[in-house]
Amino acid sequence: MVRRQRLFRDPVRRHHRRLRLRLAVLLLGFVGAAFAAEIPPAERRSGYEFMGRETRAMQDDETTNPGMLWVLDGEALWNRKAGAADRACADCHGDARASMNGVAARYPAFDATLRRPVDLEQRINACRTDRQKAASLAFESHELLALSAYLARQSRGTPIAVAIDDRTKRFLDAGRETFHRRQGQLNLSCANCHDDLWGRKLAGTPIPQAHPTGYPLYRLEWQSLGSLQRRLRNCLNGMRAEAPPFGSPELVDLELYLMWRARGMKLESPAVRP
Amino acid sequence: MARVVVNVPASAKRGELIEIKTLAAHTMETGFRRTQLGELIPRDIIRSFVCAYNGEEIFRAGLHPAIAANPLLVFTAVATESGTITFTWSGDNGYSATQSAAITVV
């Protein structure tokens, strides 16, 4: 206490301390600005690489990966007739193992009628209502998760490649803007954690780079399979931001940006995450 | 859909230790959780799992409310003879699932 008081009594030293503090803040600002860049391709890593040995083993072995329970149900749904048209997905698309190979890696994709990108779940529902004349499936319902998991499974190992052209560019830009926009009561942007602080810890767990390589995926925390939108809404809630409803354009644009950001990375659906 | 997945090696040497993996789709609702309106969600769990090798019980497990959804059970057995390994899960609300796998012992 005595030493401290003496230190503060000296006005010159106090001035120096303030200067040093200002310099440190300034430097920190620069470092922050330098960090806020996109992750270089060589440094990109799937969430898989941030997991422990046991969770990786669980994902790799299809007989222990709980996501396969949804994939198997999805296969049954693929071949089941539905709706007023009394047609199954397989009646038009045939064997999904051939016809759907690599498809999930290209979503969200531009839809000519809606004139905007749609994600895999929306595409499945569009097929159901337009072709099968069946009721659309609710987001995060078992059936929709099962079908999307089954489709995504057919693209396991396929590099992610969403089509960015004149039609989709502005949606990509909107997604990028969302990713970098500070929001919520904590005033955080997605980039604050996933571009700048990946590899560090948040409440004891590693912060991944937010590459959507394994969706829909089985999250041990959820005790269930879930879509990318569920994960995004989850993250937004954590930031104390208002999460847009399932299927909203804002979430699809963000999905598009994240898939573009992960371009070239291999799809590993159905993944397992802690 | 009472979906189950089992993994038994298709063949093994006599006396060899084999690893058996089983996965059952189940919510394993604990019975302790409440809805947002405060109503108790009734318990809905798998209560028991039995594995039989050519009709003889070789492994049994009792399951309880603290066990995670979609329980994964991995255990070992000694390959004694060719035949069928059957798996039976049973639980609350009349839940029941069976699956079998063939094994050739040489």
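Trainee: Before we dig in, what should I know about the model and its numbering?

Mentor: Residues are numbered from 1 along each chain as its sequence is written, chains are lettered from A and ligands numbered from 1 in the order written, and side-chain values use heavy atoms, with hydrogens and water left out. The model is predicted, with local features needing pLDDT of at least 70 and side-chain atom pairs counting only at pLDDT 80 or more, while totals for chains, interfaces and linings use all residues.

Trainee: Okay, how many salt bridges are there over all chains?

Mentor: A salt bridge here is a side-chain nitrogen of Lys or Arg within 4 Å of a carboxyl oxygen of Asp or Glu. Searching the whole structure for those gives 22.

Trainee: Which residue of chain B does Asp61(A) pair with?

Mentor: Asp61(A) sits in the loop between helix H3 (53-60) and helix H4 (67-78) of chain A, and its partner is in strand S3 (residues 17-24) of chain B. Helices (H or I, at least four residues) and strands (E, at least two) are DSSP runs, numbered from the N terminus. The closest N and O atoms are 2.3 Å apart, and the partner is Lys21(B).

Trainee: Is Lys21(B) buried or exposed?

Mentor: Buried means under 20% relative accessible area, exposed over 50%, and partly exposed in between, using a 1.4 Å probe and protein chains only. Lys21(B) has a value of 13%, so Lys21(B) is buried.

Trainee: Which residue joins Asp61(A) and Lys21(B) in a network of salt bridges?

Mentor: The network links Asp61(A) and Lys21(B) with another residue of chain B.

Trainee: How many residues apart in sequence are the parts tied together by Glu250(A) and Arg181(A)?

Mentor: These two side chains form a salt bridge at 3.0 Å, N to O. Glu250(A) is partly exposed at 31%, and Arg181(A) is partly exposed at 28%. Glu250(A) lies in helix H12 (residues 249-261) and Arg181(A) in the loop between helix H9 (169-180) and helix H10 (190-194), both of chain A, so the parts they tie together are apart in sequence by 69 residues.

Trainee: Arg273(A) and Glu268(A) form a salt bridge too; what relative accessibility does Glu268(A) have?

Mentor: Their side chains meet at 3.0 Å, N to O. Arg273(A) is buried at 7%. Glu268(A) also counts as buried, at 12%.

Trainee: Which element gives the largest share of the lining of the largest pocket?

Mentor: The largest share, six residues, comes from H11(A).

Trainee: What area is buried between chain B and chain A?

Mentor: Twelve residues of chain B are in contact (heavy atoms within 4.5 Å) with 14 residues of chain A, and the count of salt bridges between these chains is two. Buried area is the accessible area (1.4 Å probe) that two parts lose on being put together, summed over both. Carbon and sulfur atoms give 64% of the total, which is about 1200 Å².
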